[in-house]
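Subject: Structure handover

Hello,

Here is the structure I promised to pass on. Please open it and keep it beside this email while you read.

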Amino acid sequence: MFLTGPASFTAVCVRGRLDITAAAVTWPAVGDDMNKLRLVATMIRLKALTDADPNSILGDVRLDDVLAARILGTSVLSHVAVVLNQLRTAGVLVEIPGFERSHWELASAAQAVPQAQSDAGSKRKRRTQAESITMLLEQLDHAPDKTLARSGFELGIGQTATSKVIRGATEQGLIETSSNDAHDPRRKYFLTDNGRRRLTRTR
């Protein structure tokens, strides 16, 4: 929490995992940067929760540099400032000046659509397999029990391409399966030590 002295706070634990794929689809301007996608996915989740319950205390949550640092798992605010500014420049976040510090809000959905339409008119940069593997590892790391079935991966690509990504991650020793039987309905994937180290290097 980065607390340096006496303080009181309310901790809210939100169940489930962030929908990184939805963030990438809704805001293509974010690109494939996992740090940016994690921030945007968090903002989307918070908005959905507050829309569902307007009286929730989550309505008081504001994305400032400190909260963004917690989401990204860093205490270096200068690095966070760079990420936030890049999202502002891309038109994804809007900076709201404050008396003590600024906070950030998602741009309106109407602003996301023209960007998506613009990208549809031009050939979008294809995600590399290495980037897809990193997304797969991120989804495993954010899964409630750190495991996912084959159907649980949401990479935004076809089934054949997803299978290639899973095979590539397995061959590199980044993930393992709970069963060698490919037809086992209970078969799940989980991170290896190498996979966790890979994630640490990419964050």
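First, a definition: a residue is buried at under 20% relative accessible area, exposed at over 50%, and partly exposed in between (1.4 Å probe, protein chains only). Helices (H or I, at least four residues) and strands (E, at least two) are DSSP runs, numbered from the N terminus.

Now the ground rules. The model is predicted: local features need pLDDT of at least 70, side-chain atom pairs count only at pLDDT 80 or more, and totals for chains, interfaces and linings use all residues. Residues are numbered from 1 along each chain as its sequence is written, and side-chain values use heavy atoms, with hydrogens and water left out.

**Overview**

The protein chain has eight helices and five strands. Along the sequence they follow the pattern α-α-α-α-β-β-α-α-β-α-β-β-α. Of the 203 residues in the chain, 36% are buried.

**Helix α8**

Start with α8, residues 193-202. Its buried residues are Gly195, Arg198 and Leu199. Seen down the axis of α8, they fall within an arc of 100° (taken from the directions from the helix axis to the C-beta atoms), so they line one face of the helix. Thr200 and Arg201 are exposed, on the face turned away from the buried side. What covers the buried residues? Helix α6 and strand β5 are included in the cover.

**The sheet**

Strand β5 also belongs to an open sheet of three strands, ordered β3-β5-β4, with antiparallel pairing. Two strands pair if DSSP finds at least two bridges between them. The edge strands, β3 (147-148) and β4 (175-177), each pair on one side only. Between β4 and β5 (residues 189-191) there are three bridges. Glu176 stands opposite Phe190 in β5. Helix α6 (residues 129-142) packs on this sheet and touches β3, β4 and β5. Contact means heavy atoms within 4.5 Å. The direction of α6 makes about 95° with that of β5. Axes are lines fitted to C-alpha atoms, for helices over the stretch in contact, and angles run from 0 to 180 degrees between N-to-C directions.

**A helix pair**

Helices α2 (residues 34-52) and α4 (residues 77-89) pack at about 70°, with axes 10 Å apart. That makes α2 roughly perpendicular to α4 (65 to 115 degrees). On α2, the contact uses Lys36, Leu39 and Val40. On α4, it uses Val83, Leu84, Gln86 and Leu87.

Best wishes

Definitions and conventions: Parallel < 35°, antiparallel > 145°, perpendicular 65-115°, else oblique.
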